[in-house]
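Student: Can we go through this one together? I'd like to start with what counts as a contact.
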Amino acid sequence: MVVAAIALVAIAAWPYLGAGRASASRAYFAPVLPDYSFRDKTIAFYEKRVRDDTQDQISARLLAGEYMQRYREQQDVGDILRSIHQNQRALVLQPQNAGATFAGLASAQTALHHFSAALALERKAHLESPFDSNAPAQMASLEMELGHYDVADRDLTVAHRLATTPTIDSVQARYDELNGKLEGARALIARAMIRSDDVSDNSAQGRAWYHFRAGELAFSSGAVDEAKADEREALVIFPGFEMAYRALARFCWATKDWNGAIDAATKGVAIIPEPETLGYLADAQAALGQTEAAKQTQGLIFAVERVGNAYNINDRLLSVYYAEHGIRLEDAYAIAQREVRSRGDEVYAQDTLAWAAAMDGKWAVADAAAKRATRLNTQDPRILFHAGAIAAHFGRTGEARTLLQAALRLNPTFDPFYAERASTMLRASDSRSSPTVVGALVTAGP
């Protein structure tokens with residue numbers, strides 16, 4: 001009865017949500033189900049079912065899924081742990097034909113950045129359900145998180161052979177993005193987004209995620225206005241989407257729309273104080289002369305490392321912030337090393353290590369990591385800038401020029417500080433400044 005009542009409330013809300021979408025630049029094909037608004041009631045319903053019948057395996061597994069969905073919506077790590085507990089109960093109750101349970105456990109371990117453990121679980125899910133395309137797609141995604149791109153390609157081949165779904169398109173898009181096929185990745189995400197928006201009972205957060213990813217890819221390719229519009233569309237679909245606020249804050253920050261960055265970042269950190277979002281807020285406050293506010297915001301970033309990063313989920317974000325701002329550089333380097341131990345040769349882990357090492361004066365480590373970060377020709381202006389600056393330090397002027405030009409060609413406003421430095425370095429090389437002078441133009445932080 002409770003679930004039925006919740007469903008009726010959701011249906012009643014559809015016309016209103018449909019009308020609200022008219023302001024977005026794209027038409028959505030199906031009404032948005034505001035399932036996030038009754039998530040707690042749905043969870044309470046299944047919690048009661050599980051309490052009333054301790055042998056109810058199905059309710060335990062469904063409850064685990066609801067916890068994970070609430071985590072995606074509210075970013076409470078406690079929900080991940082609750083999801084793991086319920087899936088483990090479900091597995092004890094039904095150890096056979098447990099593909100969905102293994103997949104649920106894998107999702108939780110992925111959220112904790114336990115990628116190897118998650119991969120082992122997805123492999124079990126695939127063995128249990130060999131005709132389900134989701135497991136090999138998720139295996140490919142996890143292989144990429146661990147830097148195993150050849151294996152990811154093979155897993156994607158298996159997934160494509162079984163089906164074509166938005167999930168598979170999104171994983172293929174990530175693979176193509178990392179392998180230098182940015183426009184192909186954008187096309188795949190656009191297709192996945194349209195297909196997801198065509199299903200009325202897809203979760204609001206799930207539908208919004210595709211718009212968020214479209215925005216990320218648009219920004220990397222230099223379509224800045226389109227990127228901002230994508231994130232705003234995501235927020236129309238799911239108003240509490242922290243990831244979309246974070247991305248919008250970054251895009252506004254990069255283009256020196258300081259007020260826009262403050263607005264988006266403030267709304268994002270009200271949901272969860274991610275170090276990356278706090279960094280955009282602090283920089284925007286400093287740029288507008290709000291010195292005391294910027295100091296207080298930076299203090300929050302330090303607090304996140306002390307008390308809010310128990311599971312090391314924010315490692316990369318912390319390392320990047322410290323390195324880019326020239327503070328706590330030994331910590332930035334140590335965190336980046338920890339990230340590489342977890343992720344291996346994953347492109348962004350190597351890029352984080354490269355820049356943290358460079359800013360800490362460990363240039364040989366930086367150079368080796370930058371080469372690993374660029375080995376797939378990933379079209380991300382930040383990666384290209386970091387590699388170009390490191391090449392300049394070593395006097396490899398031709399290589400540096402190629403990389404810096406590529407970064408600016410993709411997006412000339414990819415960063416409010418580093419984009420200008422890339423242009424300055426290119427002008428210096430045009431005037432035939434010595435490699436030492438060119439390299440010295442790179443300093444940490446804004």
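Tutor: Contact here means heavy atoms within 4.5 Å. Keep in mind that this is a predicted model.

Student: Ok, using that, which residues does Asn411 touch, not counting residues up to four places away in sequence?
Tutor: Asn411 touches Phe219, Ser220, Gly222, Val224 and Pro381.

Student: Where is Asn411 found?
Tutor: Asn411 sits in the loop between helix 22 (397-410) and helix 23 (418-430).

Student: Is Asn411 buried or exposed?
Tutor: The relative accessible area of Asn411 is 0%. Buried means under 20%, so Asn411 is buried.

Student: And what does the side chain of Asn411 reach?
Tutor: The backbone nitrogen of Thr413, at 2.9 Å.

Student: Switching topic. How many helices and strands are in the protein chain?
Tutor: The chain has 24 helices and 0 strands. It has 446 residues, and 54% of them count as buried.

Student: Which residues touch the most other members in the largest nonpolar core?
Tutor: Phe241, Tyr322, Trp355, Ala358, Phe385, Ile390 and Phe414, in a core of 89 residues. Helix 13 (residues 242-254) gives this core its largest share, 9 residues. Another core, of 22 residues, lies apart from it, with Tyr71, Ala108, Ala111 and Leu119 among its members.

Student: Back to Tyr322. What is Tyr322 in contact with, leaving aside its neighbours within four places in sequence?
Tutor: The contacts of Tyr322 include Ile301, Phe302, Ile327, Leu329, Ala332 and Ile335. Glu305, Arg328 and Asp331 are also in contact with Tyr322.

Notes
Residues numbered from 1 in each chain as written. Predicted model: local features only at pLDDT ≥ 70, side-chain atom pairs only at ≥ 80, totals over all residues. Heavy atoms only, no water. Helix = DSSP H or I, 4+ residues; strand = E, 2+ residues; numbered from the N terminus. Buried < 20%, exposed > 50% of the residue type's maximum accessible area, 1.4 Å probe, protein only. Core = buried A, V, L, I, M, F, W, Y, C linked by side-chain atoms within 4.5 Å. Polar contact = N/O pair within 3.5 Å; in protein donor to acceptor, adjacent residues only side chain to side chain.
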